[in-house]
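I wanted to look up the aromatic pairs and the nonpolar cores in this model. My entries follow the structure.

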Amino acid sequence: MRSTIEGLLTIAVLGSAVVYGTDVFCAMVLRPALASVDDETLVKTMGNVHRIADRRMPIPGAAGWIATGLAAATALLDGQRPVFLLATLAFVFLAAWMAIYLTISAPINKQLSTAPNHPTGVTARELQTRWDSVIYARATLQTHALLSLCLALLTAH
């Protein structure tokens, strides 16, 4: 079962790393860059970014989350308690990330991606500020999840 656990953890690391990298990029680069553009540019840019990302990012994100859960379950069945605990911890971090994404980020993404055609009464800047308010938490949760997954992979035997 060792190779199965290692394979699942590798898929989990790769899938989670895509989301991690995206969130860290948004926190470190995109958020401060958007602060200096006008509202029209903000709406056009982020509307398109969210429209495309919301179609493509679920694939690596779901692959990482599902593989994390399967790795935890397989490690439990194989009696690899440290791997099970680390993979479960990663799963919890990813679940917390998902809660933030679904309750805060995704609704804003939808509003920004439709804003040029359907004004909401809320300014794009207000929406972006709200989105920015959780990007550090999202990036931190992804960091902890990825670290836990890497440690689980190193611990698997």
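I worked on a predicted model, where local features need pLDDT of at least 70, side-chain atom pairs count only at pLDDT 80 or more, and totals for chains, interfaces and linings use all residues. Residues are numbered from 1 along each chain as its sequence is written, and side-chain values use heavy atoms, with hydrogens and water left out.

Aromatic pairs. I paired rings of Phe, Tyr and Trp (its six-membered ring) with centres within 6.5 Å, calling planes under 30 degrees apart stacked, over 60 edge-to-face and the rest tilted. The count came to two pairs. I found Trp65 and Phe91 stacked, at 5.2 Å centre to centre and 25° between the planes. Trp65 is in helix α3 and Phe91 in helix α4, so this pair ties together parts 26 residues apart in sequence; helices here are DSSP runs (H or I, at least four residues), numbered from the N terminus. For burial I used relative accessible area with a 1.4 Å probe and protein chains only: buried is under 20%, exposed over 50%, partly exposed in between. Trp65 is partly exposed at 25%, and Phe91 is partly exposed at 31%. The rings of Trp97 and Tyr101 have centres 5.2 Å apart and planes at 5°, so I logged them as stacked. Both Trp97 and Tyr101 are buried.

Cores. I took a nonpolar core as buried Ala, Val, Leu, Ile, Met, Phe, Trp, Tyr and Cys residues joined through side-chain atoms within 4.5 Å. The largest has 24 residues, with Met46, Ile108 and Leu112 making the most contacts inside it. Helix α4 gives the most to this core, nine residues. A second, separate core of 17 residues includes Leu8, Ala12, Val83 and Ala152.

Methods
Helices (H or I, at least four residues) and strands (E, at least two) are DSSP runs, numbered from the N terminus.
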